[in-house]
Amino acid sequence: MIISVASGKGGTGKTTIATNLAFSLGKGVKVLDCDVEEPNAHLFLHPQIEKTESISTPIPVIDEDKCTYCNKCVEICRYNSIAIIGKTILTFPELCHSCGGCMAVCPEDAITETGRELGVVELGKSGNIDFIHGKLRVGEAMSPPLINEVRSYIEPDSINIIDAPPGTSCPVIAAMKNTDFVLMVTEPTPFGLHDLQLAVEAVKLIDIPCGLVINRSDIGNNDVRAYADKENLPILLEIPFDRKIAEVYSKGYLIVEKMPEYKEKFLELYNSIENIVGKA
Amino acid sequence: MKELVILSGKGGTGKTSLTAAFAAVSKKSILCDADVDAADLHLLMSPTIKQKTDFKGGGLANINPEKCTECGQCIELCRFDAISDDFVVDKIDCEGCGVCVDLCPEQAIDFPIQTCGEWYISDTRFGPMVHARLGIAEENSGKLVALVRQEARKFAEEQNIDLILTDGPPGVGCPVIASIGGATALLIVTEPTVSGIHDMTRALELAEFFKVPAMVLVNKYDLNPDQTDAIEKVVTSKNLTFLGKIPFNPAFTKAMVQAKTILEYDEKSDISREVKEMWNKIMASSEMNTDN
């Protein structure tokens, strides 16, 4: 089972849902934090990190002795990461998307590759939960390859819970694609609804069953529910605004640690997901 | 020309609600929404679109089956695993690098430029606004952010407006990097939670990396006064400006439901007064008054 927890809008409670669901289920669960720009799941699960791997992406190195300044590498590069001015060749490694085009097209075999560090993947354990997250190097723009690296630890026979980044563009798709279920966390406000609609459209593109958690369910208005109804999106859990939850969260605790009555709700949430995935 | 970019690292700290409130106080700025993949500022600004332009991103490979001899070169070259065994390009996986296009021995691959969003110049009750909408699941968000900021600057120059208020995206990756280059200062809106601190710290590291001055404001500070103090310590230890704090107030959500800024919702309230004071502090800050 692979569940991705997504939202569109940031700050709706993705990490809260992902970590509390994982903790409630316990043994045999893997948490994969794919919000590599701002990973937060570790702040609530407090994993013991056992292994850190540096992840890099290939970028070109040009051997100026072999280069004949034919300009073919400059022409193939859609990212403007190579320039030739007279007899000087410049590379802009931070713009490179690692497509390998320059190396493939160079008639002189003058191009080899080295790595640009994207960030790290850290692996560890939080009690009996397996924990993996990626941390993008500050200053690095390209997150999808690091997200894919985190996802390479998915074990389809376990319960894998992916904490996705906010938004609807390429990093979100990288986190959600090829999962069994997208659990969308929203709040019943105009911003929550607007971004939920965009995120649901993205999920439709990749054709994965989807259900909602409405967090802070008693603020705002009823438009999110009307939308869910219209789109046939099941509402699997509602959590009302509670200052106690906000305080527990602010300190880095899980809701289920301090308010154990929620554990049953998270287990029910998993059962509902299992039922939907089983029928799909 | 000055540009204040409002960021947070973590989503949901109140960036957009505060940007809108500041626009209501400032009255003579141009608004720029740089959160192009989940833009929300327009929900409070109700902009009237005056000009709408397609955003052309990169190309997308498309194999012409009539010319393709199934030699397999493209599959071998593609580092994004975007071409299936039966020679169909997956639109989502294609990175738009064009390597297969240039190196196909039969020239069987087209590379049509994609329209991957729209950008707008609009009027709002607080002045002009430049904003955009990136297509769902599209790449190039950084490019569109850069475009929106550039157009906002151009428009501000034409209209003799000397302040741009830019609502930035969450995170620290591609669109955020595109949001901060050349900004006068960054305002980082955080919240007193472990994740708020963690994400703010990364946003501050990013500001330092790109050498843009940053200031910090804590929203909803009373949800955890101890964490608020911890944030203030982090900020002052980095020799950055800690602007102050705003309490948690459900009026922000109530105002949002009515598509109003907090000032319009209840101008006489304490919270509106605090937002105005915060704005005055920002405008008086050395960060906003030093040429860089």
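**Helix α5 of chain A**

I started with what the buried residues of α5(A) pack against: β2 (29-33), β3 (48-62), β6 (111-126), β7 (129-136) and α6 of chain A. I am working from a predicted model. Helix α5 spans residues 144-151 of chain A. I found this helix mostly covered, with seven of its eight residues buried. I listed the buried ones as A:Pro144, A:Pro145, A:Leu146, A:Ile147, A:Glu149, A:Val150 and A:Arg151. I noted that a glutamate and an arginine are on that list, A:Glu149 and A:Arg151.

**The A–B contact**

Next I looked up how chain A meets chain B. I got 52 residues of chain A in contact with 52 residues of chain B. Which helices of chain A each supply at least two residues to that side? I noted α4 (101-105), α6 (170-176), α7 (190-206) and α9 (243-250). The largest share comes from α7(A), with nine residues. I then sorted the side of chain A that touches chain B by class: 23 nonpolar, 21 polar and eight charged residues.

**A:Leu43**

I picked out A:Leu43, which lies in helix α2 (residues 42-45) of chain A. Is A:Leu43 buried or partly exposed? I call A:Leu43 partly exposed, because 19 other C-beta atoms lie within 10 Å and the buried class takes 20 or more. Leaving aside neighbours within four places in sequence, I found A:Leu43 in contact with A:Gly252 in its own chain and with B:Val194, B:Ser195 and B:His198 across in chain B. I also checked A:Thr15, 28 residues from A:Leu43 along the chain. Their C-alpha atoms are separated by 9.7 Å.

**Nonpolar cores**

I went on to the cores. The largest nonpolar core has 148 residues. Inside this core, B:Val148 and B:Leu186 have the most contacts. The helix α7(A) gives the most to this core, with eight residues.

I followed up B:Val148. Leaving aside neighbours within four places in sequence, B:Val148 is in contact with B:Cys32, B:Ala34, B:Val36, B:Trp119, B:Val130, B:His131 and B:Ala132.

**Domains of chain B**

Last, I looked up how chain B is divided. Domain 1 covers 2-55 + 117-289, and domain 2 covers 61-111. I have 41 Å between the centres of domain 1 and domain 2 of chain B, taken over C-alpha atoms.

Note on methods:
Residues are numbered from 1 along each chain as its sequence is written. Chains are lettered from A and ligands numbered from 1 in the order in which they are written. This is a predicted model: local features need pLDDT of at least 70, side-chain atom pairs count only at pLDDT 80 or more; totals for chains, interfaces and linings use all residues. Domain bounds come from an automatic or database domain assignment. Two residues are in contact if their C-beta atoms, placed from the backbone, lie within 7 Å. Helices (H or I, at least four residues) and strands (E, at least two) are DSSP runs, numbered from the N terminus. Ala, Val, Leu, Ile, Met, Phe, Trp, Tyr, Cys and Pro count as nonpolar, Asp, Glu, Lys and Arg as charged, and the others, Gly among them, as polar. A residue is buried if 20 or more other C-beta atoms lie within 10 Å of its own, exposed if 12 or fewer, and partly exposed in between; C-beta atoms are placed from the backbone. A nonpolar core is a set of buried Ala, Val, Leu, Ile, Met, Phe, Trp, Tyr and Cys residues joined through C-beta atoms within 7 Å.
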